[in-house]
Amino acid sequence: MTFKAAVASCPGKTYSHNNDNFYFNSKIITEELSTSQILLSHKKGQKGLQIYAVSDGSGINTYKDSPSMLVMSMLLKYHKKILSDESYDLRVCLHDYIKTANRAVLDKSRETGKKLKATLAMIFVEENAGICCNIGHSRIYKFNHGNLEQMSVDHTQAMRMVNLGLLTEEKAKVHPKRGKLLQNLGPMPEGIELEPNIELFPIEENDVFILGTFGFYDNVSDEKIIEILSLGKSPAETVELLMTEAVHKGLEDDATVLVVKAYGDDAVAPVRKEKVAAPPPRPKSTNKAAIYTPAAEEEPRRETGIDDERTSDE
């Protein structure tokens with residue numbers, strides 16, 4: 001199985017900069033994104049382990065202290081650990097990462113005196129299996145055969161009311177508490193433990209995974225997502241259509257959407273134990289929202305091909 005992906009992130013009207021961030025198989029937003037929309041996409045199918053995530057941060061107006069950037073930067077460190085140590089179990093890595101990322105946001109909160117929060121929606125995909133994880137209200141969907149399934153769990157006050165039978169799912173979509181977090185990375189009410197939703201899942205050919213922050217799916221209905229995905233376009237074209245739909249709705253909040261599609265491959269895909277030489281360093285992006293690609297390491301590592309095209313609309 002090979003994978004192609006694309007991602008777009010656009011600031012809303014509420015804040016002076018984009019509080020969202022993403023992880024695009026080693027690339028994150030590392031500079032302030034105030035007026036630009038950024039789009040990344042793979043040119044070629046990617047084999048081996050791929051990691052994708054989105055995060056929505058809140059609590060501070062200085063971009064350098066954004067909890068979402070902190071959480072995505074921490075994921076980059078753990079991605080490197082996976083690539084350098086083939087014995088590092090992915091599930092163990094995931095738990096280690098969540099614990100460390102949570103501690104990092106807590107420490108930054110104490111340092112700044114602000115109540116910083118970050119959500120997380122993340123998938124590890126490799127061959128015909130994957131792991132998904134979410135904390136907060138950033139979502140993960142799977143689309144195939146015309147069906148859209150939400151794989152993540154909304155950790156919100158509105159969803160808690162649904163679970164208690166006090167609210168219908170339809171009413172929850174417009175309820176004032178639909179964005180009120182009950183779980184997040186960073187400070188939470190005393191006595192509340194961090195409980196990420198983690199699931200293993202199989203991957204079939206033509207499965208499409210959609211990761212989105214609250215600002216995205218609060219503006220784009222499930223019906224519209226299905227309509228756009230049913231067109232069968234490439235991940236890059238799909239992301240552009242989805243983000244355009246969100247922007248047309250006014251986009252009060254920052255929005256990020258990431259699409260990953262699984263493609264069948266007649267060739268035998270390399271397993272994670274196979275080591276290959278690292279690719280050469282890539283030149284630094286000239287986009288206003290700079291994307292950081294880690295330099296090549298001298299030691300051999302697991303294959304995670306990174307081949308992307310970038311466009312930025314000013």
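The model is predicted: local features need pLDDT of at least 70, side-chain atom pairs count only at pLDDT 80 or more, and totals for chains, interfaces and linings use all residues. Residues are numbered from 1 along each chain as its sequence is written, and side-chain values use heavy atoms, with hydrogens and water left out.

The protein contains 7 helices and 15 strands. These elements are DSSP runs numbered from the N terminus (helices: H or I, at least four residues; strands: E, at least two). Of the 314 residues, 53% are buried; here buried means under 20% relative accessible area, exposed means over 50%, and partly exposed is in between (1.4 Å probe, protein chains only). Among contacts with a separation of 6 or more, 76% are between residues 24 or more positions apart, a contact being heavy atoms within 4.5 Å.

In soluble globular proteins, nonpolar side chains tend to be buried together. The largest nonpolar core in this model has 31 residues, and those with the most contacts inside it are Tyr 97, Leu 120, Met 122 and Leu 185. Such a core is a set of buried Ala, Val, Leu, Ile, Met, Phe, Trp, Tyr and Cys residues joined through side-chain atoms within 4.5 Å. Two or more residues of this core come from each of strand 4 (50-58), helix 1 (67-84), helix 2 (90-112), strand 6 (120-126) and strand 7 (129-135). Helix 2 gives the largest share, 8 residues. If neighbours within four places in sequence are left aside, Tyr 97 is in contact with Val 71, Met 72, Met 74, Leu 75, Tyr 78, Leu 120 and Met 122.

The structure also holds 4 aromatic pairs. The rule takes rings of Phe, Tyr and Trp (its six-membered ring) whose centres lie within 6.5 Å; planes under 30 degrees apart count as stacked, over 60 as edge-to-face and the rest as tilted. Phe 24 and Tyr 52 make an edge-to-face pair, at 5.6 Å centre to centre and 65 degrees between the planes. This pair links distant parts of the chain, with Phe 24 in strand 2 (residues 20-24) and Tyr 52 in strand 4, 28 residues apart. Phe 24 is buried at 1% relative accessibility, and Tyr 52 is buried at 0%. Phe 214 and Tyr 217 have ring centres 5.6 Å apart and planes at 80 degrees, so this pair is edge-to-face. Both residues, Phe 214 and Tyr 217, lie in helix 5, 3 residues apart, or about one turn of the helix. Phe 214 is buried at 12% relative accessibility, and Tyr 217 is buried at 10%.

The count of salt bridges is 8, where the rule asks for a side-chain nitrogen of Lys or Arg within 4 Å of a carboxyl oxygen of Asp or Glu. One of them joins Asp 218 to Arg 178, with the closest N and O atoms 2.8 Å apart. Asp 218 lies in the loop between helix 5 (214-217) and helix 6 (222-229), and Arg 178 in the loop between helix 4 (169-172) and strand 10 (197-202), so the pair ties together parts that are 40 residues apart in sequence. Asp 218 is partly exposed at 31%, as is Arg 178 at 25%. Another salt bridge joins Arg 91 and Asp 89, at 3.8 Å from N to O. Arg 91 is partly exposed at 48% relative accessibility, and Asp 89 is partly exposed at 33%.

Glu 227 is partly exposed at 45%, and Lys 224 is partly exposed at 21%. The buried residues of helix 6 are Ile 225, Ile 228 and Leu 229. They cover an arc of only 95 degrees around the axis, so they sit on the same side of helix 6; the arc is that of the directions from the helix axis to the C-beta atoms. These buried residues of helix 6 pack against strand 8 (139-144), strand 9 (147-150), strand 11 (208-212), helix 5 and helix 7 (235-248).
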